[in-house]
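Work through the exercises below with the sequence and the 3D structure beside you, and try each task before you read its solution.

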Amino acid sequence: MRGAIFIIPALAAMLVLAGCAGVQSTLDPGGREADAVAKLFWGMVIGGGVIWLIVMGALLYTTQFKRGAHSEETAGRFILWGGAVFPVVGLTLLLAYGLSLMPSLRPWDRETAEGAPLRIEVVGEQFWWRVIYHRPGEEPVVSANEVRLPVGERVAFSLKSADVIHSFWIPSLGGKMDMIPGRTNSLTLEATRTGTYRAPCAEFCGTSHALMAFSAIVMEPDDFDQWLDARSRPSEGVDAAGADAFLRNGCGSCHAVAGTEADGQVGPDLSHVGSRETLGAGILPNDLDSYIALIANPDTVKPGIRMPAFHGLPEEEISTIARYLEGLK
Ligand code: CUA
C-alpha cells in the first residue's frame, strides 16, 4: 500500500513527460538555442526540487522531532545561512548561468545580420507570416507561412510586424522573440536535427491569434540549397486556364505569383504554394478542399481575416483557381 505513494506520482510524471516530445516542445530540443533553454529549465527544476526537499525536511524536523524552542544563537545562525547567504549565492549563480547563455542566443546584431550567409526576414501580419530569404549577392526569395532552414548552420532572423505585436517562436529550435511594429528584432537559430516543427504565434494579436502558426522545416544543407534555388524560379507546367481565372478575378492585386502578372503585396505570396505543408498559416492541410474553403469563405476558416469572401463566384471558377494554386509546386 505504501508503495502506491511513490508509484502513483511516478506514473503521473511519466504521463506528463510523454507529452513533452513532439513537433512543438521546448523540452525536446532540435536546436542549439532550445537545448540551452531546456538545460536551464532542468537546472531550475532540479535546483527548485532540492530546495523544496530541504524546506520540507526542516518543517518535518521542527514539527515531528524537535518541537521545543531553539536557542537564540541557533535561530540566528539558521536565519543568516538559510535566509540570507543561501538565497543570495543560489540566485546569483542562477542569474550568472542564465546571462551566460544570452550571447550564444543573440550573436548577430542587426548590422552584421545583414551580411549573414543566410538571413530570413519574417514579418508578422494579421494572421499570417511573410517570409523573405536573403543571401548575399542573390535576389531575395519571397514565401509565406513556412520557414525552411539548413541543419547545423547559424541562421539570422530579422523579425518585424506589419500591424500589431506578434511573437515569433519555434519552441523546438529556440526562445521566442516579439515582432514589434516599427522595429526590427534579431534572433539567431541553429537547428541540430532535421525534421518538421510547429511554430505558433506567441502573442495575442487579434481574433485569429490561435489560428496563426507556421511549419519550420529543417533540411540537410544541400537539400536546402536546391530547394531555395528552385524557389527562386517560377513554377513550371502550370494550368493556363487556372492562371487566367486567378488574374481575371483580381486575385493578383493582393497575392503575388512569381513569373506571372500577379504582384499584389497585401496577402501571402503564393509562388509555389502547392508545395507548402499547410495552408492558411498552419491551420489546414494543403489540399483542394482547403483552397476552395479559403477562396469561398475565408472568414469562416479564419475569423477576422482581411481577405474578402469569393462565394459569389461560380463553383467551377473557384475549383479552377483552387486546382491552379494546388499545382504551383
Ligand atoms: Cu500573431 Cu498572435
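A residue is called buried under 20% relative accessible area, exposed over 50%, and partly exposed in between, with a 1.4 Å probe and protein chains only. The model is predicted, so local features need pLDDT of at least 70 and side-chain atom pairs count only at pLDDT 80 or more, while totals for chains, interfaces and linings use all residues. Residues are numbered from 1 along each chain as its sequence is written, and side-chain values use heavy atoms, leaving out hydrogens and water.

**Exercise 1.** Classify the ring pair of Phe41 and Trp42, and state how accessible each residue is.

*Solution.* Begin with the rule: rings of Phe, Tyr and Trp (its six-membered ring) pair if their centres lie within 6.5 Å, and planes under 30 degrees apart count as stacked, over 60 as edge-to-face and the rest as tilted. A search of the whole structure finds eight aromatic pairs. In one of them, the centres of Phe41 and Trp42 are 5.1 Å apart and the planes stand at 75 degrees, so this pair is edge-to-face. Phe41, at 39% relative accessible area, is partly exposed, and Trp42, at 34%, is partly exposed as well.

**Exercise 2.** Classify the ring pair of Phe157 and Phe168, and decide whether these residues are buried or exposed.

*Solution.* The ring centres of Phe157 and Phe168 lie 5.1 Å apart with the planes at 45 degrees, and therefore the pair is tilted. Turning to accessibility, both Phe157 and Phe168 are buried. Finally, ring pairs join Phe157 and Phe168 with Trp129 and Phe214 in a cluster.
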